[in-house]
Amino acid sequence: MSNTPVSLESVPKHIAIIMDGNGRWAKAQGKPRVFGHKAGVTAVRKTISGAVNLGVKAVTLFAFSSENWRRPAEEVNLLMELFITALSKEVKRMHKNNLRLRVIGDKTQFSKRLQNKIASAEELTAGNSGMVVNIAANYGGKWDITNAVKMIASDVRKGELQVEDITESLVQQHLTMADLPEVDLLIRTSGECRISNFLLWQLAYAEMYFTPECWPDFDEESLAEAVSWFVNRERRFGCTGEQIKALMNNK
Ligand code: IPE
Ligand code: IPE
Ligand code: MG
């Protein structure tokens, strides 16, 4: 079996990552937390490049949660500055590589300057046909679902939608990333095993991979390890392996 090449089809189409452990990584070296956040940008670059090489369709990176505003103001400000600088720098590289950049989350809470940067980055890369990179910033899974509920409720109020017509699929269509393949692999670094209000609905059937490695140490090799773990699992979606195999053979 070890000689059999892994088919690209078995590689996850959509990988979501909770990039955690920057602070602890820095602290372990006697450096301030921001040192870890800066090193985290390099890990993002390596991860994106690794995912592109694997033929992944979309990568969603948790950069700042709706709860992260509770951190000391100094750290929040540094993170915002870093986000602006990284956006300006990385977007050009991403555009050159035909990638599409999107920011998901409640952008209204960001400074006008950051909102403008985000809008122009999204605009610049919107027409590209390569992998989609979603940056989840001021994102919360509960926010995403609440937002969808608000849009649906507003359609009902306008008389454009009947309550009976609200289905799971309709709710899904109002969530962020509705147009992308379902998340099939979630990775969280730094040994923590929780969702921290990241994607909730979208992780319904995702495989979850937790690694003790802190985010700044994550690279192409770490990604390959996570993906091979994923490929070696038989995915079931609540039905038997035989049913899935039969489905595959019918294609
Ligand atoms: C993840 O690293 C980055 C962000 C949440 C912005 P942390 O900052 O959470 O690092 P730890 O978990 O404190 O080590
Ligand atoms: C989750 O990490 C958010 C990001 C990685 C951006 P946190 O470090 O903020 O999560 P908790 O607070 O430990 O759950
Ligand atoms: Mg953390």
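Let me begin with a question: is Asn197 buried or exposed? This is a predicted model, and in it Asn197 is buried, because its relative accessible area is 16%, and a residue counts as buried under 20%. Asn197 sits in the loop between strand 5 and strand 6. Its backbone also deserves attention: phi of Asn197 is near 60 degrees, a positive value in a residue other than glycine. As background, most residues other than glycine have a negative phi.

Ser190 lies in the loop between strand 5, residues 185-188, and strand 6, residues 207-210. Although Ser190 is not a glycine, its phi is positive, at about 80 degrees. Ser190 is buried as well, with a relative accessible area of 9%.

I turn now to ligand 2. The residues around ligand 2 include Ile18, Met19, Asp20, Arg71, Arg188, Arg194 and Ser196. By type, the shell comprises five nonpolar, three polar and four charged residues. Which element gives the most to this shell? The answer is strand 2, residues 58-65, with four residues.

Several side chains place an N or O atom close to the ligand's oxygen atoms. For Asp20, the distance from such a side-chain atom to an oxygen atom of ligand 2 is 3.1 Å. For Arg71, the corresponding distance is 3.1 Å. For Arg188, it is 3.4 Å. On its own, ligand 2 has 390 Å² of accessible area, and the protein covers 78% of this.

Next, helix 7. This helix runs over residues 220-231 and has twelve residues. From its first C-alpha to its last, helix 7 reaches 16 Å, close to the 16 Å expected at 1.5 Å a residue. Its buried residues are Ser222, Leu223, Ala226, Val227 and Phe230. Seen down the axis of helix 7, these buried residues fall within an arc of 135 degrees, and so they line one face of the helix. In general, an α-helix has 3.6 residues a turn, so residues three or four places apart point the same way. The face turned away from the buried side of helix 7 carries the exposed residues Glu221 and Glu225.

Finally, Glu9. This residue belongs to the segment before strand 1, residues 14-18. Glu9 is exposed, with a relative accessible area of 70%. Its C-alpha atom is separated by 9.7 Å from that of Val231, although Glu9 and Val231 are 222 residues apart along the chain.

Key
Residues are numbered from 1 along each chain as its sequence is written. Chains are lettered from A and ligands numbered from 1 in the order in which they are written. Side-chain values use heavy atoms; hydrogens and water are left out. Helices (H or I, at least four residues) and strands (E, at least two) are DSSP runs, numbered from the N terminus. Buried means under 20% relative accessible area, exposed over 50%, partly exposed in between (1.4 Å probe, protein chains only). A residue is near a molecule or strand if one of its heavy atoms lies within 4 Å of it. A polar contact is a pair of N or O atoms within 3.5 Å; within protein, one must be able to donate a hydrogen and the other to accept it, and residues adjacent in sequence count only if both atoms are side-chain atoms. Accessible areas come from the Shrake-Rupley method with a 1.4 Å probe; for residues, only the protein chains shown count as cover. Ala, Val, Leu, Ile, Met, Phe, Trp, Tyr, Cys and Pro count as nonpolar, Asp, Glu, Lys and Arg as charged, and the others, Gly among them, as polar. The expected span of a helix is 1.5 Å times one less than its number of residues. The arc is that of the directions from the helix axis to the C-beta atoms.
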